[in-house]
Amino acid sequence: MLEYIQNLAKPERARVLEALEQVERRGLDAVRVEFRQIEGKLWEIKIGSHRVFYVMIDRDEMVLLHAYKKQRQKLPVKEREIAIRRMKELLS
């Protein structure tokens, strides 16, 4: 996850980090950020063309699992499988 962010171009990295900071401070009321349930406890944060999968451990703890840059209309199966595998490892 951290490696993904570090490899972004500076403006994109700044946008993603700012959005994640907003989520940390404001939760679901974060500005310019959308949330979507993917499957069960797996959720997605939409930040422009970037997607970050996460799971809520409790009310105050969100764990970021995986991130990728969206390039097509549908969620790539590979990206979804990575996030689901990491979620299962975390919750087991």
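## Exercises on a predicted model

Glu-89 and Arg-85 both sit in helix α3, four residues apart, about one turn of the helix. The model is predicted.

**Exercise 1.** Find what links the side chains of Glu-89 and Arg-85.

*Solution.* Start with the atoms: the closest N and O atoms are 3.7 Å apart. The cut-off for a salt bridge is 4 Å. Glu-89 and Arg-85 therefore form a salt bridge. Arg-85 is partly exposed, at 44% relative accessible area.

**Exercise 2.** Work out which parts of the chain the salt bridge between Lys-69 and Glu-12 ties together.

*Solution.* First, the distance: the closest N and O atoms of this salt bridge, Lys-69 to Glu-12, are 3.1 Å apart. Next, place the residues. Lys-69 belongs to strand β4 (residues 61-69) and Glu-12 to helix α2 (residues 10-26), so the bridge ties together parts 57 residues apart in sequence. Lys-69 is partly exposed, at 37% relative accessibility.

**Exercise 3.** Trace the salt bridge between Glu-39 and Arg-80.

*Solution.* The N to O distance is 2.9 Å. Glu-39 is in strand β1 (residues 34-39) and Arg-80 in helix α3 (residues 77-91), so the pair joins parts 41 residues apart in sequence. Glu-39 is partly exposed at 36%, and Arg-80 is partly exposed at 30%.

Key: Residues numbered from 1 in each chain as written. Predicted model: local features only at pLDDT ≥ 70, side-chain atom pairs only at ≥ 80, totals over all residues. Heavy atoms only, no water. Helix = DSSP H or I, 4+ residues; strand = E, 2+ residues; numbered from the N terminus. Buried < 20%, exposed > 50% of the residue type's maximum accessible area, 1.4 Å probe, protein only.
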